[in-house]
Amino acid sequence: MKALSVWNDPVAPRTTYPTMIEEANADVIIIGGGITGITAAYLLSKAGIKTIVVEGDRVGSGTTSNSTGNLYAT
């Protein structure tokens, strides 16, 4: 049996979010809800910066879904 990334684990509950239909204001808009986008949004919001994350599919479903979930600073 092939091991799945934690991002693709079928046992993990799926969280859905409604489509944004109203206007919104933010200091920063992040395109992509992978590990990098979510981490950036988290750190920015902790710093008091109003942040919006826009994801076209499912959080963590793109490149991150094939990773081990690590984020490195080089």
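Colleague: What should I know about the model, and what pLDDT does the chain average?
Modeller: Because this is a predicted model, local features need pLDDT of at least 70 and side-chain atom pairs count only at pLDDT 80 or more, while totals for chains, interfaces and linings use all residues. Residues are numbered from 1 along each chain as its sequence is written, and side-chain values use heavy atoms, with hydrogens and water left out. pLDDT is the predictor's confidence in each residue, from 0 to 100. Of the residues, 68% score at least 70, and the chain averages a pLDDT of 80.

Colleague: Which pattern does the chain follow along the sequence?
Modeller: Helices (H or I, at least four residues) and strands (E, at least two) are DSSP runs, numbered from the N terminus. Read along the sequence, they give the pattern β-α-β.

Colleague: Which element has the highest mean pLDDT?
Modeller: Helix α1, residues 35–46, has the lowest mean among the elements, at 92. The highest, 95, belongs to β1.

Colleague: Is Y17 buried or exposed?
Modeller: Y17 sits in the segment before β1 (28–31). Buried means under 20% relative accessible area, exposed over 50%, and partly exposed in between (1.4 Å probe, protein chains only). With a relative accessible area of 63%, Y17 is exposed.

Colleague: What share of the 74 residues in the chain is buried?
Modeller: The cut-off is the one just given, under 20% relative accessible area. By that rule, the buried share of the 74 residues is 16%.
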